[in-house]
Amino acid sequence: MSGAAAPVGARARVALVLVSHSQRLAQGAVELSAQMAPGVLLLAAGGTDDGGLGTSYDRVSAAVEEALGVADGVVVLADLGSAVMTVESVLDMEDGYDGKVQLADAPFVEGAVAAAVTAHGGGDVSEVLASAEHAGGTFAVTAGGPEDDEPAAEAAASTDGGARAVVTLRNPLGLHARPAAVLARLVAGFDASVAIDGVNGASVLELMKLGATGGQELTVTGEGTQAADAVAAVVAAVEGGFGEV
């Protein structure tokens with residue numbers, strides 16, 4: 001079984017199992033997700049038992065069992081229809097593992113990245129599952145459409161009694177995958193709701209969707225008990241250049 005190792009110490013809340021018809025594709029998705037969420041247990045269950053294209057009941061079952069050995073819950077993502085059927089067969093045979101194992105209806109790569117970041121932030125199974133499934137609609141809205149204006153308006157209205165700051169991106173590449181993941185993990189650690197340029201600051205995919213580049217200003221707003229601390233932390237991370245300047 002191939003995957004990214006979980007941290008030594010306290011029992012993890014959620015681990016991920018990525019099921020693909022291709023062993024290499026599953027391993028690649030694990031590698032990418034692990035870059036976004038170091039320390040989360042990610043297991044690849046790809047290909048058939050003889051290394052061919054397809055899915056294996058035994059591989060999926062073994063991965064789920066391994067994940068449950070170190071985590072309180074497991075979220076599984078699958079790439080195509082027959083992979084979904086294999087996962088469902090495993091869950092049926094084990095009576096769903098008493099709800100501890102959930103199959104996400106989500107895009108394979110985007111869902112895995114989003115779920116991993118949420119798991120890294122300490123989300124439970126339902127939160128990690130929701131994050132994966134939300135990824136399916138993250139890039140659905142065309143840039144510049146009327147839907148894009150609504151989150152910004154909501155963010156502006158939410159600043160009453162909250163915190164607000166404007167900060168300039170210093171790193172030349174802006175909010176590409178790694179910095180977006182850094183911010184999403186950072187925001188998830190606070191008891192606050194944070195918006196960055198009108199999108200959910202805890203969502204790595206929504207941050208990446210901004211397409212923000214070096215030199216661009218970002219408006220950061222927050223609400224909640226730790227809003228001021230969360231906004232200050234985001235500003236500090238952006239001003240630090242994410243180790244790229």
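Contact means heavy atoms within 4.5 Å.

## Basis of the model

This is a predicted model, in which local features need pLDDT of at least 70, side-chain atom pairs count only at pLDDT 80 or more, and totals for chains, interfaces and linings use all residues. Residues are numbered from 1 along each chain as its sequence is written, and side-chain values use heavy atoms, with hydrogens and water left out.

## Nonpolar cores

Leaving aside neighbours within four places in sequence, Ile196 is in contact with Leu183, Gly201, Leu207, Leu210, Leu218, Thr219, Val220 and Val234.

A nonpolar core is a set of buried Ala, Val, Leu, Ile, Met, Phe, Trp, Tyr and Cys residues joined through side-chain atoms within 4.5 Å. Buried means under 20% relative accessible area, exposed over 50%, and partly exposed in between (1.4 Å probe, protein chains only). The largest nonpolar core has 32 residues, and Leu183, Ile196 and Val204 touch the most other members. Among the elements that give two or more residues to this core are helix 4 (108–120), strand 6 (163–168) and helix 9 (227–239). Helices (H or I, at least four residues) and strands (E, at least two) are DSSP runs, numbered from the N terminus. Helix 9 gives the most to this core: seven residues. The core lies between domain 1 (14–139) and domain 2 (163–243), because both give residues to it. The domain bounds come from an automatic or database domain assignment.

A second, separate core has 24 residues, including Val14, Ala26, Ala37 and Ala44.

## Strand 4

Strand 4 (residues 71–78) is largely enclosed by the rest of the structure, because seven of its eight residues are buried. Two strands pair if DSSP finds at least two bridges between them. Strand 2 (residues 12–20) runs parallel to strand 4, joined by seven bridges. Here Ala12 stands opposite Ala71. Strand 5 (residues 101–103) also pairs with strand 4 in the parallel sense, over three bridges. Val76 stands opposite Leu103 in strand 5.

## Helix 3

Which residues of helix 3 are buried? They are Ala83, Thr86, Val87, Val90 and Leu91.

The face turned away from the buried side carries the exposed residues Met85, Asp92 and Met93. Just after helix 3, Asp95 takes a positive phi of about 50 degrees.
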